[in-house]
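Please look over the sequence and the structure first.

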Amino acid sequence: IGDGVVRVDALGRVESMNPVAERLLGRRVEEVAGVTLDEVYRRVDETTAKPLASLVSLCLAQRRRVESTERCLLLRGDGEERVVQESAAPVFDRDGALAGAVLVVRDVTRLTGMEREVSYFATHDPLTGLLHRRELERRLARHLAAGGGRGGALVHLDLDEFRVVNDLCGHNAGDELLREVAERLFEAVGDAGVVARMGADEFGVLLPRASAAEGRRRAEELRLAVGGRRFLWREHSFDVRASVGVVTLGASAGEPPQVITAAEAACLAAKERGRDRVHEYRPHDRELAQRHGEMQWIHRIHRAFDEDRFCLHRQPIRPLAGGVEENFSEVLIRMRDNDGRLVAPGAFIPAAERYHLIPQIDRWVVRTALAGLAAEGDGACLALNVSGLSLSDERFLDDVLAAIETSGVDPRRLCFEITETAAVAHLARAHRFMAVLRAQGCRFVLDDFGSGLSSFAYLKNLPVDFLKISGQFVRGIEENELQLALVRSIHQIGELMRMGTIAEGVETASALDALHEMGVHYAQGFWIGRPEPM
Ligand code: C2E
Ligand code: MG
Ligand code: MG
């Protein structure tokens, strides 16, 4: 028998138990025989931690089989806790008199652990307790399969200015804001539908029974529910607002991913039209969004891959005093347009990040740059940009390691540029990525240093080899005392931490002079050399 079995007499005193019960109670039968079971068998409600009434006493009093209904936590004498399910049945003698009871205890600790994970975290977002994106997609699929013609609506909300809260007050504040918003949405929706967290600061609401008009009305209500209050954090206060997209689920709604994309597109349109408003998706909207919004890039990126229209440029990084790498350059990606023109990464990288295409792009860059480096012979050292999403993509690291191995290139000739926002947003993963590759000899550059707001606090914890001083401080440095002081102090911090410093965005001879004078180790910019095809 896998269950614990305890036999008690009519007064609830232990008569016998099997080895499983001995193990569960942490007592041997000789020790407890004749002792009232309640004294050695203590259980509390798993959620409230309140002691539970004795099931055996209940069974003896009612003379019938009873089962525990609460989630029951067994507290053993040695401090060990087990989650159990129990049932008790009366035992009668031949004359029909009550002779005692049998208690059966099943240890479900491991099971509930798994069950909890499967049923809860597989479907819920741990931060907000809302459903997560995949689960909403599943429910939407079920709804549509059951006859999308019945109607319903999908609402997509995106917080305006969530970034600001995160950057200004830190991630705790950001998390708190998300929890607050989640709660407001949850309340506002009530039993009219389900709420899910769709992305960092994006939420989805499925309203299965709403008519088109009600969907619109609800979307407006949700916007007001989110925007109705101020968010306070220490001395800061923020007006929280959301841009909202809504799609009516008619007969021709399409597949769940398309419906979600449509709601996102409508939300994007709301953002483009000035934020803090509701925009309803209509079929012709798709063209509109594709023409103007980021979404067109999904298709263009896929096509660029298919038609091999990405290419790499490189820009020299020149050593000044204290710089040791003689042949150092940064690799920058470009997309060749249909008519042969080059598209700068600023145009497609935000969309690629938003739609999770960036790891694929970064992989391609790593492979292509390594092939170029292998062909070039010794000496050259390349810096590759890596997006935060790639850092947190499990397989990306493996692919980079494999690509290095295949190319036969010395890993010491490779640097990875990460931005501090990316590194900070994915700190744990970034650490692993950096640790593994640094062990191989690769180096790391903290790109655009100074442009985020939490730079100095995080710098201590990020194992980088170079600080790249953001071009926004370097451009025009020769005419601005404040910039001069900023760059000087960043350089000094870099020296203190034994990091190389690189100034990017050097556009004039006098800027270069100023940087040289203060001892910055490397300079990069149009004055030194423009990006050229690799
Ligand atoms: P970044 O890494 O900070 O790259 C520097 C950008 O500044 C490049 O723009 C470069 O062309 C430009 N630049 C260089 N010198 C000067 C100068 O003197 N003045 C001015 N005004 N600009 C200068 P680009 O190539 O358009 O790249 C923009 C950003 O796109 C990069 O910023 C980087 O964050 C991202 N990026 C580029 N290639 C890749 C890539 O392969 N993967 C990823 N994930 N991101 C990339
Ligand atoms: Mg860079
Ligand atoms: Mg940069």
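## Pairing of strand E8

In this predicted model, strand E8 pairs with strand E10 (residues 194-199) in the parallel sense, over two bridges. Within this pairing, His-132 stands opposite Arg-197 in E10. In general, the strands of a sheet pair through backbone hydrogen bonds, either parallel or antiparallel.

## The six-stranded sheet

E8 and E10 belong to an open sheet of six strands with mixed pairing, in the order E8-E10-E11-E9-E14-E15. Strand E8 (131-132) and strand E15 (278-280) each have a single partner strand and stand at the edges, so each has one side left without a neighbour in the sheet.

## The magnesium site

The magnesium ion (ligand 3) is coordinated at 2.2 to 2.7 Å by Asp-447 (OD), Asp-448 (OD), Glu-504 (OE) and Glu-504 (OE). The spacing of these donor residues in sequence is D-D-x55-E. Asp-447 also bridges the magnesium ion (ligand 3) and the magnesium ion (ligand 2), and the two ions lie 3.9 Å apart.

Asp-447 is in strand E21 (residues 443-449), while Glu-504 is in the loop between strand E23 (500-503) and helix H22 (509-518); the pair therefore ties together parts that are 57 residues apart in sequence.

Are Asp-447 and Glu-504 buried or exposed? Asp-447 has 6% relative accessibility and so counts as buried, since buried means under 20% relative accessible area. Glu-504 is buried as well, with a relative accessible area of 13%.

Key. Residues are numbered from 1 along each chain as its sequence is written. Chains are lettered from A and ligands numbered from 1 in the order in which they are written. This is a predicted model: local features need pLDDT of at least 70, side-chain atom pairs count only at pLDDT 80 or more; totals for chains, interfaces and linings use all residues. Side-chain values use heavy atoms; hydrogens and water are left out. Two strands pair if DSSP finds at least two bridges between them. Helices (H or I, at least four residues) and strands (E, at least two) are DSSP runs, numbered from the N terminus. Donors are N, O and S atoms within 2.8 Å of the metal (3.2 Å for Na, K and Ca); water is not among the atoms, so sites may look incomplete. Buried means under 20% relative accessible area, exposed over 50%, partly exposed in between (1.4 Å probe, protein chains only).
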